[in-house]
There are 2 protein chains.
Amino acid sequence: MKIVTKDKVVYSFSPRHKPVEHVEPGELVLLEAEDAVGGQVKSEDAALESLDWSRVDGATGPLYIEGAEKGDTLVTEILDIKTESRGVILAVPGNGVLKDKPFKAAAKIVKIEDGFAYYDDIRVRSIPLIGTIGVAPAEGEQSSSTSGKHGGNIDCKEITSGTRLYLPVSVDGALFSAGDLHAAQADGELCVSAIEIPGSIMLRFSLIKKKQPPWPILETKDHYSYLVAGDSLDDATVKASEAAVEALMRARQCSFEKAYMLSSLLVDIKVNQVVDPQRGVRASIPRGEILLRDLLV
Amino acid sequence: MKIVTKDKVVYSFSPRHKPVEHVEPGELVLLEAEDAVGGQVKSEDAALESLDWSRVDGATGPLYIEGAEKGDTLVTEILDIKTESRGVILAVPGNGVLKDKPFKAAAKIVKIEDGFAYYDDIRVRSIPLIGTIGVAPAEGEQSSSTSGKHGGNIDCKEITSGTRLYLPVSVDGALFSAGDLHAAQADGELCVSAIEIPGSIMLRFSLIKKKQPPWPILETKDHYSYLVAGDSLDDATVKASEAAVEALMRARQCSFEKAYMLSSLLVDIKVNQVVDPQRGVRASIPRGEILLRDLLV
C-alpha cells in the first residue's frame with residue numbers, strides 16, 4: 001500500500017505538476033487530505049476575513065498512474081472514506097446561491113460521531129464524500145476550485161465510498177489528485193460550503209485502454225451518471241443531456257429521435273452544486289438501461 | 001362523489017373562468033383528463049405538423065372549492081391516478097432541452113400494462129403523475145402550458161398518488177384545474193414530452209385558513225418540496241433556495257446565516273423540468289427537519 005500524506009498538496013490540475021508518487025494499477029493507495037480551508041478555521045470566531053484564500057480547495061497529489069496514456073480512461077475505485085471527528089461549515093458574504101443577500105461571515109464547528117453530524121440540536125446523517133477529484137487536463141492549468149471534463153471540484157454528494165469514477169486521461173500517468181472531503185452535503189451545496197473536514201481516502205486504480213468518457217462518469221450501485229459542468233445550470237443541463245442522448249443512441253443502436261424520447265423517461269437530471277465557478281449537474285441513467293461501454297467513446 | 005368529465009377543459013388558469021362544478025372540502029372528486037395533446041395523436045405516423053396546438057396542455061375544471069378565500073391554502077390530496085393503457089411520447093423539432101439540434105418530428109405509441117410502460121423492448125416502471133395542477137392567479141390569465149406560484153404545468157415526477165399539494169388561493173373558490181397525466185417521466189422531461197396519457201384522478205380538498213405557501217408545496221412520504229418556477233434553472237434555484245432558507249429560519253428561530261449553512265446540508269435542489277416556458281426545480285427538505293406550518297407564511 002502507498003500512503004500519500006496531506007502535505008503533498010496542489011491547488012490546480014496541471015500537466016506541469018511533478019508527481020509525488022508512482023502507483024501501479026491494482027495497488028491500494030491511502031490518500032490523506034486536509035479540509036478545504038487548509039485547516040485554517042479552528043474556532044467559530046475565526047476571522048474569515050483574514051483567511052489565506054490561496055490555501056483553500058487543495059487536493060492531495062498528483063499521483064502518476066503507471067501505464068495511463070492519453071486517450072485512456074482512469075478508473076478510480078473509492079474503497080473507503082474516513083473523516084476526522086470535527087468539521088466546519090462556513091457562510092462567506094458574496095458567496096453561495098444567495099450571494100446577493102447582505103449577511104455576515106459565519107463559521108460553525110460540527111462534531112461527527114457514530115455516523116452523524118451534530119449541528120447544535122440538529123442531527124444530520126454523515127455520508128462522507130470527495131469534493132475534489134480529477135486528473136490533469138491536456139494543457140493549461142485548472143484551479144482546484146472549479147470543475148470540467150478533467151473532474152476537479154465536482155462537489156457531488158454521490159462520490160462516496162463504494163462508488164467508481166471514470167476520468168478521461170489527457171497526459172501520461174494521468175496525474176490524479178483528490179481532496180476536499182465533506183462529512184455531509186445536500187444537492188446544491190447552497191451556502192458554498194458543506195461540512196469541510198480532514199480525513200483519508202482508500203483508493204484503487206485501473207485503466208480502460210483507448211476509450212474515454214466525454215465527461216467524468218460516476219458509477220453507483222444503481223446508476224451511471226455523467227458529471228457535467230457548465231457556465232450555468234441550464235448550460236450544464238444541455239451538455240449533460242447531449243452526452244446522455246448520444247450514449248442511449250449507442251446503447252440502443254437507434255436514431256437521435258428515439259434516444260431523445262427515451263431520455264425523457266430514463267435520464268434524471270440532478271444537481272451537484274450551484275455555487276462553484278462552473279455549475280454542475282449529473283445525468284443519471286439506471287444501470288439496467290445501459291452498459292458502461294456505451295457511455296465511453 | 002362528484003365526477004367531472006374531460007370535456008370540461010380549460011387552457012389557462014384565470015379568475016374569469018366559470019366554475020364547472022362546486023365542491024365541498026372533504027368530498028371525493030373524480031376528475032377525468034384527456035392527454036396533453038388533446039387526444040389528437042392516434043398513430044405513430046400522425047402528422048405532428050398538422051396538430052392543433054391550441055388544443056394541447058388542457059386541464060379539466062375549474063372547480064369552485066366552497067369556503068376557499070384569497071389568503072388561504074388549498075390542500076389537494078391526490079388519492080389515486082388511473083391511466084388508460086395507451087400513451088404517446090413525442091419529439092417536436094425546435095423543442096426540448098436539445099431544441100437547437102436538427103431532428104425530425106416523431107411519435108411513439110407506448111403500451112401500459114401491469115405497472116410498466118413498454119417502449120419497444122424497453123420496460124419502464126409506470127408511476128403516473130399529474131403534469132398540470134393549479135388554481136387561478138389573482139388577475140390575468142396564465143397559460144396551462146406554463147407554471148408559477150399558482151401551480152400550472154409543473155411537470156414534477158413526484159406529483160403522484162399518495163401525495164398532497166398545497167396551493168395559495170388567490171380568488172374566492174380557488175378555481176382549481178388539473179390534467180396532463182404522464183404514465184412515466186424522468187426529472188427534466190428532456191425531449192419536451194413524457195408518456196402523455198388520458199386517465200382520471202381521485203382528489204379530496206381541504207383548506208388552511210389565512211396562511212399561504214410562497215410557492216406550491218408538495219408533501220410526499222419523506223419530504224416537503226417547494227415547487228418553484230423561473231426564467232432559467234439558475235433563476236428558479238435562487239428563488240427556491242430563498243424560500244427554503246426563510247422556512248428554516250422560521251423552523252429553527254435562527255439567523256439567516258445559520259439557516260443558510262443548514263440549507264447546504266438539508267435542502268436538496270432537484271429538477272422538475274427544463275423544457276417548459278418557465279423552468280422548474282424543487283427545494284426538498286426532509287419532513288423530520290421541518291413542520292408544515294414553517295413552510296407557510
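Colleague: What percentage of the interface residues of chain B are also interface residues in chain A?

Modeller: This is a predicted model, in which local features need pLDDT of at least 70 and side-chain atom pairs count only at pLDDT 80 or more, whereas totals for chains, interfaces and linings use all residues. Residues are numbered from 1 along each chain as written, chains are lettered from A and ligands numbered from 1 in the order written, and side-chain values use heavy atoms, without hydrogens and water.

The figure is 100%, so the copies meet through the same surface. Contact here means heavy atoms within 4.5 Å.

Within chain B, let us turn to B:Tyr224. This residue belongs to strand β20, residues 223-230 (a strand is a DSSP run of E, at least two residues, numbered from the N terminus). B:Tyr224 counts as buried because its relative accessibility is 9%, the limit being under 20% with a 1.4 Å probe and protein chains only. Its partners, apart from neighbours within four places in sequence, include B:Ile217, B:Leu218 and B:Glu219. Also among them are B:Ala283, B:Ser284, B:Ile285, B:Arg287, B:Ile290, B:Leu291, B:Leu292 and B:Leu295. One of these contacts, B:Ser284, lies 60 residues from B:Tyr224 along the chain, yet the two C-alpha atoms are separated by 5.7 Å.

Definitions and conventions. Helix = DSSP H or I, 4+ residues; strand = E, 2+ residues; numbered from the N terminus. Buried < 20%, exposed > 50% of the residue type's maximum accessible area, 1.4 Å probe, protein only.
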